[in-house]
Amino acid sequence: MTTTHRFTKGFDLKLAGSPEPTVVNAPEPLLVGLEPSEFAGVKPKPAVEEGERVRTGQALFRDKVDADVHFASPVTGKVTKMVFGERRLLLRVEVSPEPTDEHAPGATLSVSELGSVARDELVRRVKHAGLWPLIRQRPIGKLVRGDKVPAAVFINGMDTEPLACDPAVAVRGTGEAFQLGVELLRRLAGQAKVYLAVKDQVVQPPEFINSKGVETHSFAGPHPAGLVGTHIRAVQPLKPGEIAYTVKAQDVALLGQWVQTGHYPTHRIVAVAGSAAPQRKYFRTRLCAAAMTLTGGKPMPVEVRVIAGTVLSGSQIGGDGFLGFGTHTLTCIPDGKGKRDLFGWIMPQFGKLSASRAVLSWLRPKQEYEVDARLNGGPRAIVNIGSWDAMTSLDIHPTYLVRAIQANDLDEAVQLGLLEVTEEDVALCTFADPCKIDVGQVIRQGLDMYENEGGE
């Protein structure tokens, strides 16, 4: 039996450029790049040298905090470039692939071992296999530290962010691999429950319908109904000192594929979307591939904003950038630099997307909009007019939470719900904010401050 949760707060950004729900194979990339900055809190230690030949699944770098956590190469080939920043901080490892994969010997887990191996040994193997970064921790929203047993595991099988990759499309056809991934998570969970969140009133793939050992919950309503923070709050709120593991549904299938084949999984499904995207489809592509692999083999022009992720929570990578390890969506929209609108927001326009009724777009709730990356204004002081509160279904007061963080009042920030949110939970607040404040950046500052003070 499925429990349904309905929300009314939030806002759906109906953007033009949705991908066709069909999966095609992308060409093999000419270059792949793994960037440690994608993994917040990780202190990378290089495990290879420039010019070295690496095999698929071989560690490119490790975490100095937890040396068991490996970050593996998704290809066999030559390390062509290692980019370092200040104080020799590793910024990126680039590998030029060879035509065929040669898998490095490493940690494996057979199907027969899945039900018998000790939990601490299972954690060690997942870390050595390079797959631990697929699992995130709440609170904090970073890589899971240590091997603390979670109070719950949340598998996210839906996404309400604009133009986001639909997990129901991405996992279709994975079959046994998805169920094996669920079994692995159940072993990591100990006695805790494993929850599967799905979108209400849509056709679910067989992988979701037939999954065993999970408690399924469906969610209905505008974004952020599809975020794991919303799911945790509705299903099993965390008590002080508790943590939860969160995993995207497609990544569950990758974990299962590792168990099934004994090899590091090298491909994932990525949705290419946006009004400026040359092809709007779902591609089966190599992990960490160059973005131009999915945009016709050429870097996108400078007048196009290329985003690894969605327009709400993604990061700009440029036309010659790389898909992240956890990238499920590649969004291309016009940059809009140098473009100005006659009379700005004074005109009663129908062609502008807004979360308020400042323009008349609210009269056309089903219309799709072609947006660009302009801010349409500059940062200014916070004006508490309730625009943030209307954008989140969590039981927090985002305006007061941001004010407490900016005042370095950690105790008050925690009381106001700091540990219930991450950047993605307040991304919609940034969109709706007339003061152009990056709310997510402030929340991350607060979470870093909490972590530095010795929080979990």
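This is a predicted model: local features need pLDDT of at least 70, side-chain atom pairs count only at pLDDT 80 or more; totals for chains, interfaces and linings use all residues.
In helix 3, the residues E176, A177, F178, L180, G181, V182, L184 and L185 meet A249, V252, A253, L255, G256, Q257, W258, V259 and Q260 of helix 6. By residue class, the contact of helix 3 with helix 6 divides into 12 nonpolar residues, four polar and one charged.

How are two packed helices described? The description uses the angle between their axes and the distance between those axes. For helix 3, residues 176–189, and helix 6, residues 249–261, the angle is about 90° and the axes are 6 Å apart. Helix 3 is therefore roughly perpendicular to helix 6.

Helix 6 also has a relation to the strands. It lies across strand 12, residues 152–156, and across strand 15, and its direction is at about 90° to strand 15.

Let me turn to helix 1, which spans residues 119–128. Which residues of helix 1 are buried? They are R119, L122, V123, R125, V126 and K127. The elements against which these buried residues pack are strand 7 (70–72), helix 3, strand 15 (244–248) and helix 6. Just after helix 1 comes G130, with a positive phi of about 85°.

In what order do the seven strands of the open sheet run? The order is 1-14-13-12-15-10-11, and the pairing is mixed. Strand 1 (3–6) and strand 11 (142–143) are the edge strands, each pairing on one side only. Strand 13, residues 193–199, and strand 14 run parallel and are joined by five bridges. Within this part of the sheet, L196 stands opposite T216 of strand 14.

Strand 14 covers residues 215–220 and includes S218. Is S218 buried or exposed? Its relative accessibility is 4%, so S218 counts as buried. With neighbours within four places in sequence left aside, the contacts of S218 are T2, T3, T4, H5, V198, K199 and D200.

Next, the cis peptide bonds. One joins R138 and P139, with omega about 0°. P139 sits in the loop between strand 10 (136–138) and strand 11. Another cis peptide bond joins H223 and P224, where omega is about 20°. The loop that holds P224 runs between strand 14 and helix 5 (228–235).

The phi of Q201 is near 60°, and Q201 belongs to the loop between strand 13 and helix 4 (206–209). Q201 is exposed, since its relative accessible area is 71% and the cut-off for exposed is over 50%. K436 likewise has a positive phi, of about 60°, and its loop lies between helix 9 (427–432) and helix 10 (439–452). How accessible is K436? K436 is partly exposed, at a relative accessible area of 22%.

Methods
Residues are numbered from 1 along each chain as its sequence is written. Side-chain values use heavy atoms; hydrogens and water are left out. Axes are lines fitted to C-alpha atoms, for helices over the stretch in contact, and angles run from 0 to 180 degrees between N-to-C directions. Helices (H or I, at least four residues) and strands (E, at least two) are DSSP runs, numbered from the N terminus. Angles under 35 degrees count as roughly parallel, over 145 as roughly antiparallel, 65 to 115 as roughly perpendicular and the rest as oblique. Contact means heavy atoms within 4.5 Å. Ala, Val, Leu, Ile, Met, Phe, Trp, Tyr, Cys and Pro count as nonpolar, Asp, Glu, Lys and Arg as charged, and the others, Gly among them, as polar. Buried means under 20% relative accessible area, exposed over 50%, partly exposed in between (1.4 Å probe, protein chains only). Two strands pair if DSSP finds at least two bridges between them.
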